[in-house]
Amino acid sequence: MNLTLKSLKYFIPCLGLIAACNGNKTEDGSVSTALLDTVALSKKAIALAYQDGQKIVATSIDTLKQISFGGATDPAISPDGIKLAYTLTDSTGGRSIWIADMENKSQLKLQVNSNNYYQAVWSPSGSNLAFSIFTSKKLWKIGVIKNDNTGYQLIDSASNISVYSPTWKNETELLGHDLTNLYTFNTKGKIIDTKLISGLIGKDFLLASSNRFFYTRDGKKLIFNVGNADVLDGLTGPSEAVYVLDVDSKKVNRISPKGINVPYLFVTADDRIFYSGAEKPFTQSKIYVSDLDGNIKTIVEKGTNPTGTLK
């Protein structure tokens with residue numbers, strides 16, 4: 001059954017000590033524009049978060065409780081559904097990641113030495129976050145930080161490789177790619193495995209920096225979204241879809257149906273596949289969830305960039 005999301009009408013103008021009211025400066029001089037406009041989900045964890053224009057919506061699975069954040073992008077809900085990481089963009093184009101606690105309504109900015117870091121991803125236990133960060137060497141790297149805002153480190157800081165779209169393989173290993181190779185890093189910052197992407201999935205796909213790769217929890221399958229050869233009338237640019245690779249057999253199965261362009265993918269640590277996609281006329285994106293066998297449900301009629309909690 002499709003979810004129908006209805007906003008509550010409460011408004012909370014200020015959020016804790018770190019994030020001030022809209023238009024006011026925070027302690028570090030930046031301006032926070034993410035405003036919580038509904039009540040906290042007391043004793044009811046979030047199940048899903050997604051983007052609706054320049055607003056993030058986080059909701060319980062029955063949609064009776066809902067939180068939204070104006071002026072925020074890149075939602076990342078923690079596996080337990082209690083915290084939400086998101087990206088804020090300032091007036092100069094700089095991006096930073098913030099974390100909101102859904103129960104006490106506090107917000108804090110991740111302590112990272114950069115003015116361009118975005119799109120956080122929680123580790124399977126929720127103890128760490130990874131994200132994309134633009135470095136002083138003008139390279140894209142993976143940043144990792146603990147959920148208490150300590151222990152920041154830059155992964156593979158010494159190399160001259162730009163790495164895109166980080167995800168977690170497991171609690172101690174991360175994935176990222178450079179459009180040619182898929183890298184596995186440990187949380188100490190070292191590359192521990194390199195695989196040629198065309199050798200994994202074949203040469204018939206087009207890869208963008210925004211495309212993501214997720215291993216299933218048993219490590220036997222690789223879930224990813226990439227461009228393909230589909231010709232979709234009215235779509236500007238290549239069409240993208242979600243696929244699953246069986247690592248042993250090398251067989252690739254398509255998950256998302258033809259006719260839908262899928263630029264965003266998220267996979268939970270319990271192997272549920274969330275994605276957002278649009279069909280002709282490609283003006284409105286829906287959010288779907290699928291299992292590994294391709295049993296798909298539409299869960300939101302209007303939204304992008306979904307992220308889900310553990311069951």
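Thr216 sits in the loop that links strand E17 (213-215) to strand E18 (221-227); strands (E, at least two residues) and helices (H or I, at least four) are DSSP runs, numbered from the N terminus. The model is predicted, so local features need pLDDT of at least 70 and side-chain atom pairs count only at pLDDT 80 or more, while totals for chains, interfaces and linings use all residues. Residues are numbered from 1 along each chain as its sequence is written, and side-chain values use heavy atoms, with hydrogens and water left out.

Thr216 counts as buried because its relative accessibility is 2% (buried means under 20% relative accessible area, exposed over 50%, partly exposed in between, with a 1.4 Å probe and protein chains only). Its side chain makes a polar contact of 2.7 Å with the side chain of Asp218; such a contact is a pair of N or O atoms within 3.5 Å, where within protein one must be able to donate a hydrogen and the other to accept it, and residues adjacent in sequence count only if both atoms are side-chain atoms. Leaving aside residues up to four places away in sequence, Thr216 touches Lys221, Ile223, Asp271 and Leu292 (contact means heavy atoms within 4.5 Å).

Ile223 leads on to the largest nonpolar core, where it is listed with Val242, Leu265, Ile273, Tyr275 and Ile299 as having the most contacts inside this set of 22 residues. A nonpolar core is a set of buried Ala, Val, Leu, Ile, Met, Phe, Trp, Tyr and Cys residues joined through side-chain atoms within 4.5 Å. Strands supplying at least two residues each include E2 (48-52), E19 (240-246) and E22 (273-279), and E21 gives the most, with 6 residues. Beyond residues up to four places away in sequence, the contacts of Ile273 include Ile223, Val242, Leu265 and Leu292. A second, separate core of 14 residues includes Ile56, Tyr86, Leu88 and Ala100.

Elsewhere, 4 strands form an open sheet in the order E13-E14-E15-E16, with antiparallel pairing (two strands pair if DSSP finds at least two bridges between them). Strands E13 (164-170) and E16 (191-196) are its edges, each pairing on one side only. Strand E15 (residues 181-186) runs antiparallel to E16 and is joined to it by 5 bridges; Leu182 has Lys195 in E16 as its bridge partner.

Over the whole protein chain there are 1 helix and 25 strands, and buried residues make up 51% of the 311 residues. Among contacts with a separation of 6 or more, 40% involve residues 24 or more positions apart.
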